[in-house]
Amino acid sequence: MRFSLADIPQQAWKNGGGSTQELAMKTDAQGAMLWRVSLAEISSDGAFSTFPGFARIHCIVSGAGLTLSGAKRLEAKPLQPLHFDGGLDFFARLNDGASTAFNLIYDPTAVSAEMQIWTAGSHVVPQGCFVLFVLSGSAILQAEGRTEQLEAGQGFHDEAEARVTLSDGGQMVLLTLDPLLADIDGAE
């Protein structure tokens, strides 16, 4: 499924302190969230939303990043995926102005997840659930006999093996999401 930031409305953060655009989400058969991918604009210091029972991968995709302080201190640096417990209570302090973060919130008892930043060249996405999002440049995605041209601010979610060719100077986020439980595979 193709998506574009231009078509996705802004929505308030869980704690009301900012806004985000939800890019993709998967639920189980009962409607409980298994994972959610979003792009958040962080324009001021403030409390981070907590998601008890969930894990997070947070990656700064523009701006200088931020420092998360609470029970532990974490540094969210540009293009370096940061894994942490979604239930932790953090205060975020921007390092040098506004930043944009690509976020994954997921149930670690049901899904294993990995986030990578890919640069120019040809790449193979292994069979399984994936979400990719083009940060800069353009990408040509080939999966299941179809070809998609993606520009910066666009992405794709699928569950098939794919080939991606990223333009010179291009960057993209790739998430791979593997179910830990056989019965959640077909849920949407």
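The lining of the largest pocket divides into 7 nonpolar, 6 polar and 3 charged residues. Here Ala, Val, Leu, Ile, Met, Phe, Trp, Tyr, Cys and Pro count as nonpolar, Asp, Glu, Lys and Arg as charged, and the others, Gly among them, as polar. This is a predicted model: local features need pLDDT of at least 70, side-chain atom pairs count only at pLDDT 80 or more, and totals for chains, interfaces and linings use all residues. Residues are numbered from 1 along each chain as its sequence is written, and side-chain values use heavy atoms, with hydrogens and water left out.

The lining holds 16 residues, with Trp13, Arg36, Ser49, Phe51 and Arg56 nearest the pocket centre. Two or more lining residues come from each of β2 (11–12), β4 (33–42), β6 (55–62) and β11 (99–106). β4 gives the largest share, 4 residues. (On a 1 Å grid over the protein atoms alone, a pocket is an open set of points where a 1.4 Å probe fits, with protein on both sides within 12 Å along at least five of seven lines; lining residues have an atom within 4 Å of a point.)

Now the fold. The chain has 0 helices and 17 strands (DSSP runs, numbered from the N terminus: helices are H or I, at least four residues; strands are E, at least two). Gly70 has Phe90 of β10 as its bridge partner.

Key:
Pairing = 2+ DSSP bridges.
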